[in-house]
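Please read the points below alongside the sequence and the model.

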Amino acid sequence: MGEALAEAEAAWRAGEVPIGAVVVQGDQVLARAHNRREDWSDPTAHAELIAVRLAARARGGWRLTGATVYATIEPCPMCAGALLLARVDRLVYGAPDPKAGAVDSLARLLDDPRFNHRVEITRGVRAEEAADLLRRFFRELREGTGGAVARRGC
């Protein structure tokens with residue numbers, strides 16, 4: 001989770017919402033990413049989705065069986081769906097996301113028995129650190145000191 005938090009910090013420095021994700025297989029990091037929605041003008045450029053794409057490229061195939069995704073915040077519906085479709089074995093996430101979380105908060109996509117894959121979930125790892133990053137980022141954004149996102153008028 002430390003690597004994912006470092007990615008979240010990199011997102012903040014880049015003027016993005018500070019969310020990070022890392023994909024690991026055994027003791028090898030396959031991919032790491034942070035939000036890039038502002039930089040890429042892409043609503044799908046979430047940390048988890050980018051990390052899953054990069055990990056699939058690194059593995060040479062779309063199935064990420066045996067992989068664990070570490071995410072600083074509870075994944076949204078799009079990202080939770082990507083974990084299912086990529087056949088990720090495990091998700092470890094930090095802070096819950098009461099506004100968009102699709103693992104526990106708004107929906108429980110990864111627990112739905114109608115899907116043909118199950119993802120093991122570990123919740124709340126370094127949650128306070130992840131939540132604090134988001135709180136500080138949005139506080140600075142409201143105060144007009146939030147960096148690139150504030151300059152873009154977002």
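1. pLDDT is the predictor's confidence in each residue, on a scale from 0 to 100. The protein averages 94 on that scale, and 94% of the residues score at least 70. Over residues 150-154 the pLDDT is below 50, and beyond near neighbours in sequence this stretch has five contacts in the model (contact means heavy atoms within 4.5 Å). Where pLDDT is low, the predicted coordinates should not be read in detail.

2. On conventions: this is a predicted model, in which local features need pLDDT of at least 70 and side-chain atom pairs count only at pLDDT 80 or more, while totals for chains, interfaces and linings use all residues. Residues are numbered from 1 along each chain as its sequence is written, and side-chain values use heavy atoms, with hydrogens and water left out.

3. Helix H1 (residues 2-13) packs with helix H5 (residues 127-143) at an angle of about 5 degrees, their axes being 11 Å apart. Helices here are DSSP runs of H or I with at least four residues, strands are E runs of at least two, and both are numbered from the N terminus. Axes are lines fitted to C-alpha atoms, for helices over the stretch in contact, and angles run from 0 to 180 degrees between N-to-C directions. The angle makes H1 roughly parallel to H5 (under 35 degrees; over 145 is roughly antiparallel, 65 to 115 roughly perpendicular, the rest oblique). H1 contributes Leu 5, Ala 8, Glu 9 and Trp 12 to the contact, and H5 contributes Glu 129, Ala 130, Leu 133, Arg 136, Phe 137 and Glu 140.

4. A search of the whole structure finds two aromatic pairs. Rings of Phe, Tyr and Trp (its six-membered ring) pair if their centres lie within 6.5 Å; planes under 30 degrees apart are stacked, over 60 edge-to-face and the rest tilted. Trp 12 and Phe 137 pair edge-to-face, at 5.8 Å centre to centre and 90 degrees between the planes. Trp 12 lies in H1 and Phe 137 in H5, so this pair ties together parts 125 residues apart in sequence. Phe 137 and Phe 138 also pair edge-to-face, at 5.1 Å and 85 degrees.

5. Buried means under 20% relative accessible area, exposed over 50%, and partly exposed in between (1.4 Å probe, protein chains only). Trp 12 is buried at 13% and Phe 137 at 0%, whereas Phe 138 is partly exposed at 33%.

6. Gly 101 sits in the loop between strand S4 (90-95) and strand S5 (120-122), and is buried at 0%. Leaving aside neighbours within four places in sequence, Gly 101 contacts Glu 74, Pro 75, Leu 106 and Ala 107.
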